[in-house]
Amino acid sequence: MSGVWVLGELLTAHAGLVALLGDNIKGGALDTVPSLSLNRISRQRLPALSPGAKRWTERVQATALARDYEEQAAIIAMVHEAADYQIGDLAGAVDVSVTPAGDGPDFILTDPAVWGGSSDFFVSYTET
């Protein structure tokens with residue numbers, strides 16, 4: 001299980017992102033909004049969990065790659081619509097909760113035609 005998979009499932013299910021990005025969605029992944037795990041922390045085993053279960057909290061970053069600042073801002077706004085405060089069973093993980101963990105920085109890559117910005121999320125889930 002992975003917080004990256006959870007975030008990817010939420011983003012590829014968002015109709016606005018799918019409409020905006022079109023062909024940039026391949027194999028269930030958003031090429032223009034790559035996600036990566038920044039760190040993953042195992043929480044102490046809680047008595048309420050079933051034997052062998054572990055609770056994880058993972059900080060996951062979604063990075064928007066866009067043609068200009070306006071498109072970058074629109075992508076980041078839709079990423080928040082898709083992921084902020086989601087709970088449930090997602091991407092094969094149970095007891096998932098997704099909370100925003102901050103935006104930024106904005107950046108321009110070496111190719112000045114590509115604008116970037118990022119948004120971080122805490123993705124918590126139970127692994128059995």
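Analyst: A83 counts as buried because its relative accessibility is 0%, where buried means under 20% relative accessible area, exposed over 50% and partly exposed in between, computed with a 1.4 Å probe on protein chains only. The model is predicted, so local features need pLDDT of at least 70 and side-chain atom pairs count only at pLDDT 80 or more, while totals for chains, interfaces and linings use all residues. Residues are numbered from 1 along each chain as its sequence is written, and side-chain values use heavy atoms, with hydrogens and water left out.

The place of A83 is in helix 3; helices (H or I, at least four residues) and strands (E, at least two) are DSSP runs numbered from the N terminus. Leaving out residues up to four places away in sequence, A83 touches L7, L10, V98 and F121, contact meaning heavy atoms within 4.5 Å. L10 is 73 residues from A83 in sequence, yet their C-alpha atoms are 6.1 Å apart in space.

The pairing of A83 with L10 belongs to a helix contact, in which L7, L10 and L11 in helix 1 meet V79, A82 and A83 in helix 3. By class, this contact of helix 1 with helix 3 has six nonpolar, no polar and no charged residues; Ala, Val, Leu, Ile, Met, Phe, Trp, Tyr, Cys and Pro count as nonpolar, Asp, Glu, Lys and Arg as charged, and the others, Gly among them, as polar. Two packed helices are described by the angle between their axes and the distance between the axes. For helix 1 and helix 3 the angle is about 105 degrees and the axes are 8 Å apart; axes are lines fitted to C-alpha atoms, for helices over the stretch in contact, with angles from 0 to 180 degrees between N-to-C directions. The two helices are therefore roughly perpendicular to each other, a term for angles of 65 to 115 degrees, with under 35 roughly parallel, over 145 roughly antiparallel and the rest oblique.

Next comes the core. In soluble globular proteins, nonpolar side chains tend to be buried together. The largest nonpolar core here has 24 residues, and those with the most contacts inside it are V6, V96, V98 and V123; such a core is a set of buried Ala, Val, Leu, Ile, Met, Phe, Trp, Tyr and Cys residues joined through side-chain atoms within 4.5 Å. Helix 1 (3-12), helix 2 (15-21), strand 4 (54-66), helix 3 (69-83), strand 6 (93-103) and strand 8 (115-127) each supply at least two residues of this core, and helix 3 gives the most, with six. V6 touches L90, A91, A93, V96, V98 and V123, residues up to four places away in sequence not being counted.

Y85 counts as exposed, at 59% relative accessibility, and has a positive phi of about 60 degrees although it is not a glycine. A91, in the loop between strand 5 and strand 6, likewise has a positive phi, near 50 degrees, and is partly exposed at 23%. Most residues other than glycine have a negative phi.

For the chain as a whole, there are three helices and eight strands, and 37% of the 128 residues count as buried. Among contacts between residues at least 6 apart in sequence, 63% join residues at least 24 apart.
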